[in-house]
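Work through these exercises with the structure open. Each task is followed by its solution.

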Amino acid sequence: MRTGAEYIESVRRLKPTLYHRGQKIDNMVDHPSLKWPIKVVAQIYDWCLDPQYQDILTTVSPIINDRVDRFLHVFGSVDDLLARQKQMRFLQTHLGGCAIKCTQLGMVNALYSTTYDMDKELGTDYHQRFLDYLRYMQQNDLLVTGAMMDAKGDRSLTASQQPDPDMYLHIVEERKDGVVVRGAKAHQTGPMFANEIAVAPCDMMRSEKERDYAVAFAIPSETKGITYILQQNLADAMCTACVGAEADLGNPTYGCQFGATSLMIFDDVFVPNERIFMKGEWQFTRHLVTRMGTMARLWQTGCRPAIFDLVMGATYLIAEYNGIARSAHVVDKLTEMSYLTETVWGLALGAAISGKPTPSGAYIPDPLLTNCAKLQSTRAFYEIIKNAIDITGGIIVSLPSEEDFRHPEAGKWMEKYLKGAAEFPTEHRLRVVRFLQAMTGGPLAAALHHSGGPMQNQKIIIFRETDFEAKKKRVKVLTGIEKEG
Ligand SMILES: Cc1cc2nc3c(=O)[nH]c(=O)nc-3n(C[C@H](O)[C@H](O)[C@H](O)COP(=O)(O)OP(=O)(O)OC[C@H]3O[C@@H](n4cnc5c(N)ncnc54)[C@H](O)[C@@H]3O)c2cc1C
């Protein structure tokens with residue numbers, strides 16, 4: 001298995017066509033936005049080699065009879081699915097950001113099981129091809145990202161109904177030695193610093209008319225004809241602004257990125273036959289899409305409780321730093337956060353335990369419980385950040401910069417006036433506030449929440465302003481306790 005340093009060296013050698021803010025990026029490893037997700041991936045490589053994390057992060061693959069990163073493993077049992085959930089909770093609580101590698105695991109398992117089904121029914125040889133590819137990936141411990149999501153154009157139209165046929169990636173030319181594809185995959189997590197990309201349709205294809213859209217393959221990430229355009233969001237702006245003041249990222253260990261995404265364009269890209277795992281078999285897109293979707297959702301439900309753990313931990317710390325940790329409403333909110341977190345985790349484990357084997361022997365999680373868990377995790381997230389923002393206070397929006405804190409004049413005032421309870425250093429409070437700012441979705445949610453006062457303030461007034469006496473009186477009259485008047 002590779003070390004983190006070996007992975008980073010492999011990224012240094014990659015020369016993808018990559019744009020960000022109107023410029024071409026040549027050095028991804030030292031780029032202010034990209035260096036963080038690359039560091040995350042490198043750290044996972046190193047942890048896989050660390051004996052204390054070996055069981056949680058790696059397993060023995062029967063394909064190469066050797067130890068592999070769980071992100072490259074075909075699930076052979078319910079225990080594998082459960083181990084995957086525990087891997088996610090470990091990784092996310094230790095990284096505090098996107099683990100980047102998840103799409104590779106979904107793609108590995110969806111292609112493994114679907115190519116098997118295709119060969120059984122159609123007599124093709126896709127499964128053997130895919131096994132050869134997977135063996136190569138496992139032996140070289142490579143990073144492959146899974147690219148599904150098409151540009152999609154008008155969402156009310158199917159692939160073949162789009163006025164521009166390139167809105168879904170498709171075959172534009174068939175040659176003896178392979179195919180040429182055109183289209184784009186949107187919101188792709190980390191393909192530019194992956195060694196390989198594996199591509200599949202994002203939607204079920206419905207008829208022979210859509211056969212050219214039923215295409216799955218894997219190619220090196222810097223293949224000629226592929227262009228990446230990197231995301232630009234508040235996290236990227238912070239990454240650029242905070243060079244040299246990295247505590248302001250909130251997570252100065254791994255950055256505040258949550259997924260380094262890009263628009264990935266395939267401008268007539270050649271794919272050789274040995275790397276094609278589906279070519280026109282539109283009936284099997286259903287298997288591929290639903291399996292990939294179910295698995296992607298499963299690990300999100302392993303990931304979210306870990307993120308909630310961090311938000312909860314940070315919120316408790318802030319409550320202590322602000323001197324309100326014992327207040328009844330704070331205890332109630334922290335308890336609610338824990339309850340929501342563990343409810344998602346229970347469903348996440350249930351979805352894994354209820355997994356079933358596909359005909360290939362690869363297990364997939366229970367789709368009903370997986371989807372319930374994912375839905376619940378999204379709902380829980382908004383409740384959890386609402387409580388975190390509430391307890392943190394307006395400083396989650398108004399906190400000045402680390403540079404101001406280090407400035408001899410401005411810093412003196414911040415040290416004095418941004419202190420909470422006397423026993424805690426001001427800097428600890430500021431670091432945790434910044435962490436929560438990054439973890440709760442940026443300033444808008446908190447600005448809307450706190451301008452005008454936190455929820456408890458409104459509850460106090462509502463309680464005070466509500467005429468409970470009149471309501472009690474009505475009940476007393478109706479139940480014969482008191483007379484009218
Ligand atoms: C951080 C991040 C990382 C990601 N990483 C990857 C990755 O690595 N690989 C990958 O393949 N994908 C990735 N994705 C893509 C992700 O799966 C999609 O963003 C998601 O599925 C939603 O698709 P969309 O963004 O195109 O939104 P849309 O599909 O446009 O959805 C927007 C709204 O339109 C509605 N809608 C869509 N179609 C219809 C319809 N026909 N009728 C009625 N309503 C409709 C939806 O329900 C939703 O309410 C990532 C996304 C994010 C945000």
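**Exercise 1.** Classify Phe 381: buried, partly exposed or exposed?

*Solution.* Take the cut-offs: buried means under 20% relative accessible area, exposed over 50%, partly exposed in between (1.4 Å probe, protein chains only). Phe 381 has 25% relative accessibility, so Phe 381 is partly exposed. Phe 308 has a relative accessible area of 1% and is therefore buried.

The model is predicted: local features need pLDDT of at least 70, side-chain atom pairs count only at pLDDT 80 or more, and totals for chains, interfaces and linings use all residues. Residues are numbered from 1 along each chain as its sequence is written, and side-chain values use heavy atoms, leaving out hydrogens and water.

**Exercise 2.** Find how Phe 217 and Phe 266 pair, and where they lie.

*Solution.* Rings of Phe, Tyr and Trp (its six-membered ring) pair if their centres lie within 6.5 Å; planes under 30 degrees apart count as stacked, over 60 as edge-to-face and the rest as tilted. The search of the whole structure finds 17 aromatic pairs. Among them, Phe 217 and Phe 266 are edge-to-face, 6.2 Å centre to centre with 80 degrees between the planes. This pair links distant parts of the chain: Phe 217 is in strand 9 (residues 215–220) and Phe 266 in strand 11 (residues 261–272), 49 residues apart. Helices (H or I, at least four residues) and strands (E, at least two) are DSSP runs, numbered from the N terminus. Phe 217 is buried at 0% relative accessible area. Phe 266 is buried at 1%.
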